Amino acid sequence: MKPNAYDIKEKIGVVFQDVAVFEELTVYENIDYFCGLYIKDKEKRKQYIEDAIELVGLEEFKKFHPKQLSGGLLRRLNIACGIAHKPSIIFLDEPTVAVDPQSRNNILDGIKKLRDNGATILYTTHYMEEVEIICDRVIILDKGKVLATGSTDELKELAKIEEKVTVEVNDLLSTYIEKIKELENVHEVTYNGNILLVTYKKGKNNLVSMIDYLKKESIKYNKIYAERPTLNDVFLELTGKELRD
């Protein structure tokens, strides 16, 4: 792309992981500057700025400078600057890193609105739950290589496990853990703190079987529940569970 290819650039929005705004400008002025790179009509730009501010929930902070904003608000400003000109293709690089839960929810809601309004979004993240919320199609990358691609449901089919049963139980003896490993369909058993996690290779009544086993052994537990494999399970299965730098 040539430096002067503004007809292409105006269709693209980029939000980097590192916040890139001007400290000497207010929230409104920052958004106005970045939007003004592509939108020259003043009245149109004014409306676009207000739309961006509403989208990320910064209505009460228009006159604030970046140094006056919390980390979550600063990231929301960063997003507003990148999307204020209403691009049709938006690149988002880990926009929710190190933000509080409320800001994270606000950011994700804003991204879903952009998607629902017709924008094509390329979203990079390590948080698989965000992928499940936002993405229609997923690519799992590891060390620069594509390991899998497809919808979230298609990727979940790659998991070697069929079901996970989680049990909150105190002081479970290792002898019981070994016995659970020998139960039908069991793939893996871990016990950390007071959480027993049993993964199954197949079967649909594993929760009932586990409850029956705990009852038979007179093992008291606080709660128990079952769930299908998540996208995070698939990610760890494909990339490995060892620590990364």
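1. Helices here are DSSP runs of H or I with at least four residues, strands are DSSP runs of E with at least two, and both are numbered from the N terminus. With that in hand, asparagine 185 sits in the loop between α8 and β7. Phi of asparagine 185 is near 70°, a positive value in a residue other than glycine. Asparagine 185 is also buried, at a relative accessible area of 18% (buried means under 20%, exposed over 50%, partly exposed in between, with a 1.4 Å probe and protein chains only).

2. A word on the source: this is a predicted model, where local features need pLDDT of at least 70, side-chain atom pairs count only at pLDDT 80 or more, and totals for chains, interfaces and linings use all residues. Residues are numbered from 1 along each chain as its sequence is written, and side-chain values use heavy atoms, leaving out hydrogens and water.

3. Now the sheet. Four strands make an open sheet in the order β7-β8-β6-β9, with antiparallel pairing (two strands pair if DSSP finds at least two bridges between them). β7 (186-192) and β9 (223-227) are at the edges with a single partner strand each, so one side of each lacks a neighbour in the sheet. From one strand to the next, the twist averages 15° (axes are lines fitted to C-alpha atoms, for helices over the stretch in contact, and angles run from 0 to 180 degrees between N-to-C directions).

4. β7 and β8 (residues 195-200) run antiparallel, joined by six bridges. Asparagine 192 stands opposite isoleucine 195 in β8.

5. Glutamate 94, in the loop between β2 (89-93) and α5 (101-116), has a positive phi of about 45° without being a glycine. Glutamate 94 is buried, with a relative accessible area of 16%.
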